[in-house]
Amino acid sequence: MIKVTRDDFDPGEIIEGARQRNVGAVVSFLGIVRDDGIERMDVEAFEEVAEQDLQAIAREAEAKFGVVHVDIIHRVGHLSVGDSIVLIVVGASHRKAGFLACEYIIDRIKEHVPVWKKEYTREGARWVEGGH
Amino acid sequence: MVDTVHVRAFARFRELFGDALEVRVKVPATVRSVVQEIARMNPDGAHEILDGEGNLRKSVIVLVNRERIPGNGREDYPVHPGDEIALYPPVAGG
């Protein structure tokens, strides 16, 4: 499942969904809103392009590392401290490929996919600087 | 002859220019003529997309019809009536 969504998700359910006969390792990355003195965060995306890019990144990871299953869910909208922002789940035959693919996917998201975060503090709001 | 292209802006640029705007440019139009017209319409935000010499800043990402236009010479990329131009600052998701 590859999607950009306003809705929260259950990471456990999505990780369970990666089980299949040729998968010996499931590696996941869950990004959550950290309390850096912020009250909340807005996540904005160019949704049509972001979803297209996530699809392409998933296919790249499959081709580069031979992983057999990739889920990427990225949230947009108003988020609070502790909320999930992004989930990546990779199913692989062996752990090494799974770890490498998962890291590759989050790095590519951060450098390429049109998503931005605006943080709200008591003092005001600020865009998180891009340029990974 | 003048025609209209659709421009979408995101994040900081959306706050400066609006999320969707119609820009009227002389044909034949290019990425350069579109961004210069946006800068003319929004003098307060112009420096965010153009440098001191009026050139498109390298950090600005430009898509035409949802295709990224990379590299040197991207300002000369042709834009046709009805095209969708997207402008955004460096991404910060994940």
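This is a predicted model: local features need pLDDT of at least 70, side-chain atom pairs count only at pLDDT 80 or more; totals for chains, interfaces and linings use all residues.
In chain A, strand β4 (residues 69-75) and strand β6 (residues 84-92) run antiparallel and are joined by six bridges, and within that pairing His74(A) stands opposite Val86(A) of β6(A).

Residues are numbered from 1 along each chain as its sequence is written, and chains are lettered from A and ligands numbered from 1 in the order in which they are written.

Returning to chain A, the β4 and β6 strands belong to an open sheet of four strands in the order β1-β4-β6-β2, with mixed pairing. Its edge strands are β1 (2-5) and β2 (25-32) of chain A, each of which pairs on one side only. On average, neighbouring strands of this sheet are turned by 5° against each other, direction ignored; the axes here are lines fitted to C-alpha atoms, for helices over the stretch in contact, and angles run from 0 to 180 degrees between N-to-C directions.

Two helices of chain A lie across these strands. Helix α2(A) lies across β1 and β4 of chain A and runs at about 150° to β1(A), whereas α3(A) lies across β2, β4 and β6 of chain A, at about 145° to β6(A).

Chain A also has pairings around strand β3 (residues 40-45), which is joined to strand β5 (residues 77-80) of chain A by four bridges, the two running antiparallel, and to β7(A) by six bridges, again antiparallel.

Now to chain B. Its secondary structure comes to three helices and seven strands, and from the N terminus on the elements run β-α-β-β-α-α-β-β-β-β. Five of the strands form an open sheet in the order β2-β1-β7-β4-β5 of chain B, with mixed pairing, and the edge strands are β2 (20-26) and β5 (67-68) of chain B, each pairing on one side only. Strand β1 (residues 2-9) and strand β7 (residues 84-88) of chain B pair in the parallel sense over four bridges, and His6(B) stands opposite Glu84(B) in β7(B).

Across that sheet, α2(B) lies over β1, β2, β4 (61-64) and β7 of chain B, running at about 120° to β2(B).

Val31(B) counts as buried because it has 21 C-beta neighbours inside 10 Å; the cut-offs are 20 or more other C-beta atoms within 10 Å for buried, 12 or fewer for exposed, and partly exposed in between, with C-beta atoms placed from the backbone. Leaving aside neighbours within four places in sequence, Val31(B) is in contact with Val62(B), Ile69(B), Arg74(B), Glu75(B), Tyr77(B) and Val79(B), where contact means that the C-beta atoms, placed from the backbone, lie within 7 Å.

As for chain B overall, 31% of its 94 residues count as buried, and its C-alpha trace spans about 40 × 25 × 25 Å along its principal axes.

What about the nonpolar core? The largest one has 60 residues, and those with the most contacts inside it are Val90(A), Ala101(A), Val34(B), Leu87(B) and Tyr88(B); such a core is a set of buried Ala, Val, Leu, Ile, Met, Phe, Trp, Tyr and Cys residues joined through C-beta atoms within 7 Å.

Finally, the contact between the chains: how many residues does each chain give? Chain A gives 21 residues and chain B gives 13 residues. On the side of chain A that touches chain B, the elements giving two or more residues are α2 (47-65), α3 (95-112) and β7 (115-121) of chain A, and α3(A) gives the most, with four residues.

Methods
Two strands pair if DSSP finds at least two bridges between them.
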